[in-house]
Amino acid sequence: MKIVVCIKQVPDTTNVRINPETNTLIREGVESIINPFDMYALEEAIRLKEKHGGEVIVMSMGPPQVESSLKDAIALGADQAILLTDRAFAGADTLATSYTLAAGINALNDADLVIMGKQAIDGDTGQVGPGVAENLGVPHITDIRKIEEVTDNYMVCERLLEEGYVRLKVKFPAVITVVKEINEPRLPSLKGKMKAKSATILQWTTKDLDIDVDRLGLTGSPTQVVRIFTPPKPEGGKVYKGETRDMVSELLSDLQANGVAIKKSKGN
Amino acid sequence: MPSFRNTYIMEENVNYFLTEEQEMIKELAAKIAKEKIEPVAAEYDENETFPWDIVKVMGQSDLYGVFIPEAYGGLGGGVLEMCIVTEELSKACGGIALAYAACGLGTIPIIQFGNEEQKQKYLTKIAAGEWLAAFGLTEADSGSDVSAIKMRADLDGNEYVLNGTKTWISNGGEAHVNVVFAVTDPSRGARGVSAFIVEKGTPGFTFGKKENKLGIRANSTRELIFQDCRIPKENLLGKDGQGFLIAMRTFDESRPGVAAQALGIATGAFEKATAYSRERFQRGQPISAFQGVQFMLADMATQIEAARALTYQAAKSIDSGMKQVSKISAMAKLFASDVAMKVTVDAVQIFGGYGYTKEYPVEKMMRDAKITQIYEGTNQIQREIIALNVIKESARGTK
C-alpha cells in the first residue's frame, strides 16, 4: 500500500500575531510546526503501514525551510519525503495548492491513498483535501474519525458528523482527511531522528511535474485575501430577571427599540 | 534553538558542550517530560500509579536504549546520556523518572558483567522498552552494610536455589529482569556473594508489600521474595563470588544517575519558584523584587549549576573509561542530592502557604528529593567513600 500524506508547515499558533498593517501573520520568532491535524494523518498512515505493509511518502508544497518539517515526518516513521518547491508556487490559494499537490501525487504514479488533516490551523479552509481529490479524479471522504477495515481494493471508515457518525466505504485510490479523534500521534524516536538527520528530501520544481504553469501560485489563484482582522469582542449584554411573561415582553420591546424585531402588525 | 530552552531558563546562556546527538536526546526527553509526564505527575503521585503508559512512550522513543551498546539495539551512549534523560524526566517528576533510572541501575551490571547470551537476551528487550530492570541488593538488615546480606543461593545440579527477601526494591513487581545478590559461600563474607538474573514469573519468586512512601510514589517499591526459587545455572551474572564487586562497580556508574534525578527535581522546583516569584504580588510588587527572595533564587541557581557541573563531570569521567571513579561518582550523588533537598525546601518557602498545599507541585518535589539523599548508598556512605579515596590517594602520593 502506497500512502501519501500531505502536510503543511504552519506557525505554532499558540503565540501567533497578525500585523495590522499588512494583514499577514508575523512569522518572526514563531516556531514552525507540522499542522497538528496533519500529525493525525501521518500517524494514521504509519499505523496503516505497520499493519498492512507498504510505504508512507510525505509531501508538502512550500519554501525550502519546509524541509525541517519533512524531516520531522521522517523521524516519526515516514519512508520518504518530497518537497514541491518553486518560486512559481508562491502565493497559491487552495485551488492552486490542490492542483500543485495533485500534480506531485500524480508524478508518484501509483498512490493508493492520500491522507491529510481536515484543515490547516492557519488557513482553516478544509478545501485542499477535496481539491486534491478532484484534481486527481478520485473519491474523497472528509472528517474521518476511524478506519474500520482495509482491503486491497477498498476501505471502510467512520466520518464524523455534528451528531454521531456515518460509515462509508471508499474504493482505492482515494483521498481522506482526518479529525483528531482518529488517534494519538506518537512522539519521534531517537533512531528516527538520526535517520531523519541524514535523510535526503527530494525537491521537485515545475520542471519535474507535468503541470500547467498558469494554474500555479498567485497567477492560478482566484482567491485574494482582502483583509485579515480580529473581530471586536461583543460588549454589554443584559440579563433579564423575573417572570417569563415579563421578561419576554421586555426583551421584545428592547429588540424593537434596537430595530432588530419586526413590530406587531395592526391586525394582531 | 531547541524548544526546551524556552522551558527551562536554568540552562540559558550555559554551554554544556553536549554533542549534537546528546542535544537531540535531551530535547526528546524534555518533550516527553513536558507533554506526557508533567500533566499526570500529581495524579500518579497521589494514587501511586506505576507509569506504564509513560514507560511505553519512552520505549518507543528509544530512551531506554541510549546507554545500551548498539550491538544490542541501543544507541551506544554512556552514563552521560543516561543522566541527561534522567535529569530531563525528573524536572517534571522524580517519581515517574525512577521507572527509567531504576531500570538503568538494573541494566548496568548486565552491560558490565553479562555474557553474550545474557546481553542478547536481556539488553535487546530493555533497549526496546519491552522489559524493565530492577536491582535487588538491600535486605531488611543490610542496607549500607552490603556484606551482611542473608539471602542464599545454593547450587543444586544445573540450578541455583534462591531463598531470602530483598526490601525497598525500586521497579519491584514491575520489572521483568531482576538482578539480585545472594550468598553462595557464607564462609567467605563479602567474597561469598554472587549476582543472579531472575525473571519475573519464575516459580518461587513473588512480591511482598508495596511501600507507602513519602515521595517517588509513582514508583513501585516492593519486597522481592524468593522461596525455593530455582533458576538455571546460566543466570549467574559474572563469576561466582563476584557479587560484591559487581554491586560496587554498578553503583560507581549508577550514582551519577541519582545525581541527575536530584538535579532534575531541583531544576524543576527552581523553575516553578522563579516563575511564581514574578507572579506573586505583595506590597504592590512581585516578590521577586524583594532582596530576601532574590538571594534565595541566586543561591538556588548557583547550587544547581554547580551540581550539574559535578554530575556531568562524573558521567564524562566514567564514559572516558577511567577505572577509579568511585570518588567522583559519590561526590556527584552526595552534592546533587543535598542541593535538591535544599533547593526544594527553599522552593516551598518561596511559594509560602500555597507551596505547602498539593495545589502546587513544589511540595511533591520536596518529598521526591529526600530519597536521593538516602538510596544507592546514604550520603553518609558517600562521604565515607570519598574520604577513603582521598586518604588512599594521599597515602599513595607520599610513599
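1. Start with the buried area. In this predicted model, domain 1 of chain B and domain 3 of chain B bury about 2800 Å² between them. Carbon and sulfur atoms account for 64% of that area.

2. Next, the layout. Chain B is divided into three parts: domain 1 covers 4-132, domain 2 covers 134-243 and domain 3 covers 246-398. The centres of domain 1 of chain B and domain 3 of chain B, taken over C-alpha atoms, are 19 Å apart.

3. Now the contact itself. Domain 1 of chain B brings 33 residues to it. Domain 3 of chain B answers with 36 residues.

4. Charged pairs come next. Four salt bridges are found across the interface of domain 1 of chain B and domain 3 of chain B. Look also at B:Glu38 and B:Lys272. Their side chains form a salt bridge, at 3.0 Å from N to O.

5. Polar contacts cross the interface of domain 1 of chain B and domain 3 of chain B too. The count is 10 residue pairs, with both residues at pLDDT 80 or more.

6. Which helices of chain B supply the side of domain 1 that touches domain 3? α3 (41-47), α5 (79-92) and α6 (94-113) of chain B each give at least two residues. α5(B) gives the most, with nine residues.

7. Last, the make-up of that side. On the side of domain 1 of chain B that touches domain 3 of chain B, 18 residues are nonpolar. Seven are polar and eight are charged.

Notes. Residues are numbered from 1 along each chain as its sequence is written. Chains are lettered from A and ligands numbered from 1 in the order in which they are written. This is a predicted model: local features need pLDDT of at least 70, side-chain atom pairs count only at pLDDT 80 or more; totals for chains, interfaces and linings use all residues. Side-chain values use heavy atoms; hydrogens and water are left out. Domain bounds come from an automatic or database domain assignment. Contact means heavy atoms within 4.5 Å. Buried area is the accessible area (1.4 Å probe) that two parts lose on being put together, summed over both. A polar contact is a pair of N or O atoms within 3.5 Å; within protein, one must be able to donate a hydrogen and the other to accept it, and residues adjacent in sequence count only if both atoms are side-chain atoms. Helices (H or I, at least four residues) and strands (E, at least two) are DSSP runs, numbered from the N terminus. Ala, Val, Leu, Ile, Met, Phe, Trp, Tyr, Cys and Pro count as nonpolar, Asp, Glu, Lys and Arg as charged, and the others, Gly among them, as polar.
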